[in-house]
Amino acid sequence: MEEMGIATVTLNPAKDRTVFVHGLKVGEVNRAQSDHVGAAGKGINVASFLGDYGHRDVTALGIMGEEDLSFFMESLRKRGVRGCFTVVPGRVRENIKVSDLLTHAVTDINLPGLNWRPWMLGSIEDAIRGCGASVVVLSGSLPPGCPKDTWAHLTRFAKDLGKRVIVDTSGEPLRLALEARPHGIKPNLKELSEVLSLKEGPGEILEAAVELREAGISVGALSLGAEGALFFSKDETLLARPPKVEALTTVGAGDAMVAAMALGMAGGMTLRETASLGAAFAICAITKLDPPRVEPHRAMELARRIKISEVGA
């Protein structure tokens, strides 16, 4: 299968610090067992997973604080990913995740990011124009001061350049981005329910797939947590159910799925192939902390164990 270029855009990068404790006691002193710090932000994660898998035409674009540039560039370099950032003074935000080894619950504390400046949009446009990628992934939250329609604007911009666009965000930025008709999306069900004002009930998932398909979305994945994910295209809807595994972290599971979607879009995979690989990538991400987190042989072995069933939608 021919490899084609993929670019990711991260406007609100972060350092993810996961702290492991055994039995979190709120309001008391807790002794950590260990911690782990990694370069993150949803687009950074997507690019990193693609690099882990061995895709060698991946570029990470976006905004970066100059104090953290070398940390991020080295992290990406080790995974075979090019970094091409708009560098601004300061440092990126830090996301703190407290992982309770006793209950397996993860508590997230996300700090605000670098402040957005209007001139940054033109710099990101130049980077997308010059990256040479056929697929562009726009993902993550927007930094403080960034207009809510920025992902929508960049979706239209990239589409006008002939690129295929995948969007993964939430809230008002997601609603506006859907109006720009990206080729692919990957929200979780809660995020999508809020945007589409879906009713609760067993038909909610299928209703979401139908509504998105009718809106012109070519391919989508709706994360269902431990239950797997619903994948849909213009022609079919599939439920991907992964085998049960013990998760070490929840960090990056959705981003790993987006990475597989981008591979599928760039390489002309069928929806069934994309769904199997997407679920396998997600399992790899939640069961390994240190890179490479998505190893090719393990991902392919897991993909063969994913149960795929057709859903009437």
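**Figure 1. Strands E4 and E5 at one end of the sheet.** In this predicted model, strands E4 and E5 run parallel and are joined by seven bridges. Strands are DSSP runs of E with at least two residues, helices are DSSP runs of H or I with at least four residues, and both are numbered from the N terminus. Two strands count as paired if DSSP finds at least two bridges between them. Opposite Gly65 stands Val88 in E5. The open sheet has 10 strands in the order E5-E4-E1-E8-E9-E10-E11-E12-E13-E14, with mixed pairing. Its edge strands, E5 (82-88) and E14 (307-310), each pair on one side only. Residues are numbered from 1 along each chain as its sequence is written, and side-chain values use heavy atoms, with hydrogens and water left out. Because this is a predicted model, local features need pLDDT of at least 70 and side-chain atom pairs count only at pLDDT 80 or more, while totals for chains, interfaces and linings use all residues.

Figure 2. Five of the five residues of E1 are buried, so the strand is largely enclosed by the rest of the structure. Buried means under 20% relative accessible area, exposed means over 50%, and partly exposed lies in between, for a 1.4 Å probe and protein chains only. Ile6, Thr8 and Thr10 lie on one side of E1 and Ala7 and Val9 on the other, and all are buried. With E4 (residues 58-65), E1 pairs in the parallel sense over five bridges; Gly62 in E4 is the bridge partner of Thr10. Towards E8, E1 (residues 6-10) makes four bridges, and these strands also run parallel. Ile6 has Val135 of E8 as its bridge partner, and Thr8 stands opposite Val137 in E8.

Figure 3. Strand E8 (residues 135-139) is mostly covered, with five of its five residues buried. Val135, Val137 and Ser139 point one way from the strand, and Val136 and Leu138 point the other way. E8 runs parallel to E9 (residues 164-168), and five bridges join the two. Within this pair, Val135 stands opposite Arg164 of E9. Helix H4 (residues 150-160) makes a right-handed β-α-β unit with E8 and E9. A crossover is right-handed if, with the strands pointing away from the viewer, the path from the first strand over the helix to the second runs clockwise.

**Figure 4. The second largest pocket.** The volume of this pocket is about 400 Å³. Of its 21 lining residues, the closest to the pocket centre are His36, Val37, Gly38, Ala39 and Arg79. A pocket is an open set of points on a 1 Å grid over the protein atoms alone, where a 1.4 Å probe fits and protein lies on both sides within 12 Å along at least five of seven lines; lining residues have an atom within 4 Å of a point. Grid points are joined across faces, edges and corners, and the volume is the space filled by probe spheres set on the points. Strands E2 (14-21) and E3 (32-40) and helices H1 (42-53) and H2 (69-78) each supply at least two lining residues. E3 gives the most, with five residues. By class, the lining has eight nonpolar, seven polar and six charged residues. Ala, Val, Leu, Ile, Met, Phe, Trp, Tyr, Cys and Pro count as nonpolar, Asp, Glu, Lys and Arg as charged, and the others, Gly among them, as polar.

**Figure 5. Cysteines.** The count of disulfides is zero, a disulfide being a pair of cysteine sulfur atoms within 2.5 Å. For Cys131, the nearest cysteine sulfur is that of Cys84, 8.7 Å away. Cys131 counts as buried because its relative accessibility is 17%. Cys284 is also buried, at 0% relative accessibility.

**Figure 6. Backbone geometry in loops.** Most residues other than glycine have a negative phi, and most peptide bonds are trans. His104, in the loop between strands E6 (93-100) and E7 (106-110), has a positive phi near 65°. His104 is partly exposed, at 49% relative accessibility. Leu248 lies 144 residues from His104 in sequence, and their C-alpha atoms are 7.9 Å apart in space. Leu248 belongs to the loop between strand E13 (237-241) and helix H8 (253-267). Arg181 has a positive phi of about 55° and sits in the loop between helix H5 (171-179) and strand E10 (184-185). The peptide bond from Pro291 to Pro292 is cis, with omega near -5°. Pro292 lies in the loop between helices H9 (271-286) and H10 (296-303).
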